[in-house]
Amino acid sequence: MADSVLKTAGDVPKENRLGLKALDYGGGKSTLCAGCGHDAISNQIIRAFYEMSVSPERVVKFSGIGCSSKTPAYFMSRAHGLNAVHGRMPAVATGAMLANKNLLGIGVSGDGDTASIGLGQFMHMVRRNIPLIYIIENNGVYGLTKGQFSATADEGSKLKSGVINDLPPMDLCALAVELGCGFVARGFAGDPKQMVNILKAAIAHDGMAVIDVISPCTTFNNHEGSTKGYQYSKEHQELLHQIGFVPSYEQIEIDYAPGEVKKVVMHDGSTVLLKKLEEDYDPSNTLQALSRLHEAVEAGQMLTGLVFLKPEKKSFLEMLNLVEEPLASLSLDRVRPSREALAQIMRDLM
Amino acid sequence: MWIVVESSARTRQTSAGFKSKYNFRHQSTVKETSVSDSSVATAVLEPEGAAKGSPSVNDLTIHVATVNGSGSQSSNSVLMRSIFQMGIPVSGKNMFPSNIAGLPTWFTIRANKDGWIARKKEVDLLVCMNVATAREDVEALETGSFCIYDAPLNCKSIRNDVIFFEVPFSKLANELSDDSRLRKLLTNMIYVGVVADLLGIERDEMIVALEKQFKGKKKAVELNVKAIDKGLEFSRENLGKQELFRLERMNKTAGKIIIDGNAAAAIGAMFAGVTVVTWYPITPSSSLCESLIDYLKQYRIEEDGKANFAVVQAEDEIAAVGMVLGAGWAGARSMTSTSGPGISLMSEFAGLAYFAEIPGVVWDIQRVGPSTGLPTRTSQGDILQVFSLSHGDTQHLALFPGSVEECYEFAAEALDLAEMFQAPVFVLSDLDLGMNNWMSDPFKYPEKEIRRGKVLTAERLQELEGKWGRYLDVDGDAIPYRTLPGTDHPAASYFTRGSGHDAYARYSERPEDYKDTIDRLARKYDTARKFVPKPVIDRHEAARIGFIAYGTTDFPLQESRSQLKREKNIETSYFRLRALPFTSELKAFIADHDRVYIVEQNRDGQMGDLIRLEVGEDQRKIRKILHYTGLPCDARFITNAVLTLEEEAP
């Protein structure tokens with residue numbers, strides 16, 4: 001029923017509203033392992049940006065270090081990309097967004113890059129509400145250094161070598177909610193329909209959008225005893241709701257029983273539709289979001305969906321009250337105060 | 001051979017080893033090894049100025065010892081400003097603890113008719129207000145100097161070869177106010193009155209200075225005038241006259257400004273069109289960005305109330321520099337300011353900026369390291385660290401402002417060079433320059449266009465039919481072209497990475513690609529030699545001795561040269577270095593002299609080592625004079641060191 005009621009990523013048109021083809025959103029050839037969840041996410045990103053008709057030249061891609069952080073080279077080659085140092089993508093992304101507020105930023109990080117070395121920068125970026133789609137491709141292991149546990153690995157999960165993780169995992173969604181993020185979602189690389197709609201909603205969101213995506217590592221964390229593998233994730237995925245997305249230029253053409261679907265109007269006029277599945281979940285309720293996340297951990301569920309959504313929160317760029325034109329392209333006459341201004345300053349110092 | 005000489009030139013030792021990153025033979029080095037200057041008597045070769053007995057006019061050093069957080073800063077500013085307004089060249093140095101309130105602090109004002117405004121070690125007048133340091137401060141005085149002290153300290157019992165003036169400050173303050181907190185502040189203003197009476201500072205000028213200090217707050221001004229008058233009156237009626245020093249009106253400061261280097265840098269950056277500023281608080285650099293924020297709010301808000309700048313207080317220095325680079329990459333003119341510990345943290349990003357060729361400016365207001373070091377004392381100890389900041393082969397552009405005026409100018413120069421060379425640019429100031437007050441000519445309005453480097457626009461890409469390579473050396477100067485994110489052309493984008501890449505910004509681990517890139521970066525650094533600020537050279541045909549210095553060492557060095565000429569008739573040449581990479585003039589200067597003294601404020605002679613590497617054979621001519629107590633270098637130290645080394649090894 002859900003699919004027929006809600007507008008979901010269904011048929012893909014041959015050209016988008018800019019007259020671009022899906023191919024125009026493609027990237028370089030991936031060098032990741034066959035079947036890597038990260039590659040699935042890259043494809044979902046391509047599809048979301050294509051279908052949302054975002055000009056790739058307007059997009060900027062950021063990443064840190066790790067398998068996940070390689071992926072910006074594998075989608076949207078027509079967008080500028082910056083592969084920063086380990087765990088420090090938030091800082092460079094912040095700087096770039098300050099320099100040019102017309103850019104649409106997407107950052108791709110991993111659980112090592114975000115939850116360990118980059119945790120401080122991640123938290124401060126959330127706190128500032130920098131407008132950026134921040135994707136954590138979460139597989140619970142350090143892939144590029146051959147399979148060490150990360151800080152999101154579940155307690156009791158087992159490495160291929162038999163080592164058991166005995167530390168509790170960090171829940172980056174809960175952390176983002178706690179820090180006041182206006183858009184927090186969890187997806188699963190193996191569920192493209194949900195992911196594409198989450199990504200579209202994130203594109204429409206003006207502010208930081210944190211998307212923690214369970215993205216199985218086929219080489220180091222997809223075995224018996226792993227809690228981030230395909231099999232385990234499929235079996236344990238628990239949908240919070242079904243997500244539909246209707247861009248501003250389309251009519252909402254669905255019928256729904258009152259109370260069955262929650263509508264959230266985004267900053268750009270588009271609408272996010274959340275069809276409740278299990279309970280009356282209010283995604284703008286911080287306490288409910290946190291308690292549901294904790295319950296899921298207790299119950300061994302991999303809860304997915306839009307955990308928290310409050311589009312009205314002011315972004316950092318709004319708070320800075322910046323001029324319309326990007327700071328990067330302001331002409332000298334605007335950024336150099338007058339001769340009289342300097343004379344005034346000098347007089348005050350005499 | 002190398003020599004270690006204490007500042008007093010009393011003890012000498014010879015050592016065979018040299019513990020530095022670089023090992024050279026035939027080194028001649030003079031180092032100041034005393035922990036505290038004030039505890040070491042100084043061998044003055046010849047007394048300066050008039051002989052004691054007849055007043056010395058407009059040439060003295062006032063040393064005020066108080067407690068941190070007691071409000072003495074305002075009093076000292078008024079004192080300094082009044083002297084400045086009387087037309088007498090003056091400088092003020094705050095020697096403060098890393099503490100908010102309660103620890104000893106000293107403020108030194110030097111007035112000098114000839115315009116020597118470096119630190120002078122010998123104190124002529126001590127204002128002794130702090131019980132914790134009274135004995136030490138009085139004992140450090142030279143015979144024949146004089147001391148105003150708070151009565152309960154009973155300083156006159158400490159020694160009898162100093163002229164003492166006892167003032168019952170608490171009693172006088174009690175007569176002014178019932179408020180105990182206020183009385184503490186007024187006590188400090190009372191000493192201003194006492195000093196003014198004893199030295200001849202004009203009352204009218206003090207009132208002007210007070211109005212400036214309290215920004216026209218009438219009540220505060222009135223109360224403080226009363227305090228100054230109290231001091232003047234007490235002194236006149238009770239202390240009698242002193243015949244040692246006088247301050248008299250002259251006309252050497254007309255049209256000059258007083259400013260600290262950090263504020264000067266802030267003004268420079270604002271007029272150079274900085275648009276993204278990030279920072280993390282750290283002494284002694286915080287006031288740079290704080291001043292900048294104040295100025296930007298005043299002068300860079302447009303008519304519609306919108307800001308044409310962005311400032312972020314980052315979570316740490318790593319984030320601060322990361323934001324600068326993100327902004328620089330996206331086309332903004334961006335900067336941050338920090339000090340040594342921040343530079344250490346920025347190391348990894350510095351490597352990214354160098355290798356991926358991203359512009360950004362980092363001010364380093366140097367303090368004493370390593371580690372936390374002496375956070376409120378000055379140093380030139382970050383030279384080698386900044387030069388090669390990051391792992392791997394790196395060479396960074398660095399500028400060394402030697403005055404507040406150059407802080408202003410280099411703020412613009414650094415932003416231009418960063419964009420021209422698509423590289424991080426470090427500006428190395430220090431605590432002495434950054435936080436202390438300096439006299440200067442007013443800054444000139446920038447007439448030059450800003451230089452934004454090689455950027456391909458969408459139109460240009462159209463002409464090139466989209467054919468370009470991000471790291472291609474098209475012009476033979478090793479500086480490639482870049483595009484900015486958001487450029488509306490399908491071929492504009494490229495992928496920026498700190499990993500290996502080829503000329504088209506493609507990931508590469510091919511040996512040829514790596515070597516091509518890293519060699520081109522070295523060539524790019526060579527290109528910069530022609531564009532960085534040239535040294536300021538004062539060449540004397542007859543001179544066999546040359547000096548090389550940079551930054552704040554300029555002030556004592558200039559004075560030392562004058563001492564050497566006046567007292568020993570030694571003619572010297574002087575090369576004031578202003579940038580890395582070195583320019584072509586360096587080798588010629590060393591070749592032209594028999595002995596070259598490199599004077600700097602660190603233990604290892606860091607710049608000296610870089611110069612040795614640069615000049616090859618001529619390195620045998622190089623001798624190091626090193627001052628590193630945390631206090632600014634003074635002229636007499638340099639003069640004594642040169643004379644010692646000249647005597648030992650002519």
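Gln601(B) touches a set of residues that lie well away from it in the numbering, and once residues up to four places away in sequence are left aside, these are Thr378(B), Ser379(B), Gln380(B), Gly381(B), Thr552(B), Thr553(B), His627(B), Tyr628(B), Leu631(B), Pro632(B) and Cys633(B). In this predicted model, Gln601(B) belongs to the loop that runs between strand E26 (595–600) and helix H19 (606–615) of chain B. With one of the residues it touches, Thr552(B), the side chain of Gln601(B) also makes a polar contact of 3.3 Å. Gln601(B) counts as buried because its relative accessible area is 3%, and the cut-off for that term is under 20%. As a further point of orientation, Pro97(B) is 504 residues away from Gln601(B) in sequence, while the two C-alpha atoms are 20 Å apart in space.

Leaving out residues up to four places away in sequence, Arg520(B) is in contact with Glu357(B), Tyr471(B), Asp473(B), Ala478(B) and Pro480(B).

Elsewhere in chain B, strand E5 (residues 59–67) is mostly covered, since 8 of its 9 residues are buried. Strand E5(B) is joined to strand E7 (residues 104–112) of chain B by 9 bridges, and these two strands run antiparallel; within this pairing, Thr66(B) has Thr105(B) as its bridge partner. Strand E5(B) is also joined to strand E8 (residues 125–128) of chain B, here by 4 bridges and in a parallel arrangement, with Ala65(B) standing opposite Cys128(B).

The description now turns to the contact between the two chains. Chain B contributes 71 residues to this contact and chain A contributes 55, and the area buried between them is about 5,100 Å², of which 64% comes from carbon and sulfur atoms. Of the area that chain B buries against chain A, 13% is supplied by Phe271(B), Tyr445(B) and Phe495(B), which is more than any other three residues supply.

Polar interactions also cross between the chains, with a count of 23 residue pairs in polar contact, both residues being at pLDDT 80 or more. There are 3 salt bridges between chain B and chain A, and one that can be located in the model pairs Arg334(A) with Glu302(B), whose closest N and O atoms are 2.9 Å apart. On the side of chain B that touches chain A, the elements giving two or more residues include helix H1 (72–85), helix H7 (261–271), helix H8 (286–299), helix H9 (317–329) and strand E21 (495–497). Helix H9(B) gives the largest share of that side, with 7 residues. Sorted by kind, the residues on the side of chain B that touches chain A comprise 38 nonpolar, 17 polar and 16 charged residues.

Notes:
Residues numbered from 1 in each chain as written. Chains lettered and ligands numbered in written order. Predicted model: local features only at pLDDT ≥ 70, side-chain atom pairs only at ≥ 80, totals over all residues. Heavy atoms only, no water. Contact = heavy atoms within 4.5 Å. Buried area = accessible area lost by both parts, 1.4 Å probe. Salt bridge = Lys/Arg side-chain N within 4 Å of Asp/Glu carboxyl O. Polar contact = N/O pair within 3.5 Å; in protein donor to acceptor, adjacent residues only side chain to side chain. Nonpolar A, V, L, I, M, F, W, Y, C, P; charged D, E, K, R; others polar. Buried < 20%, exposed > 50% of the residue type's maximum accessible area, 1.4 Å probe, protein only. Pairing = 2+ DSSP bridges.
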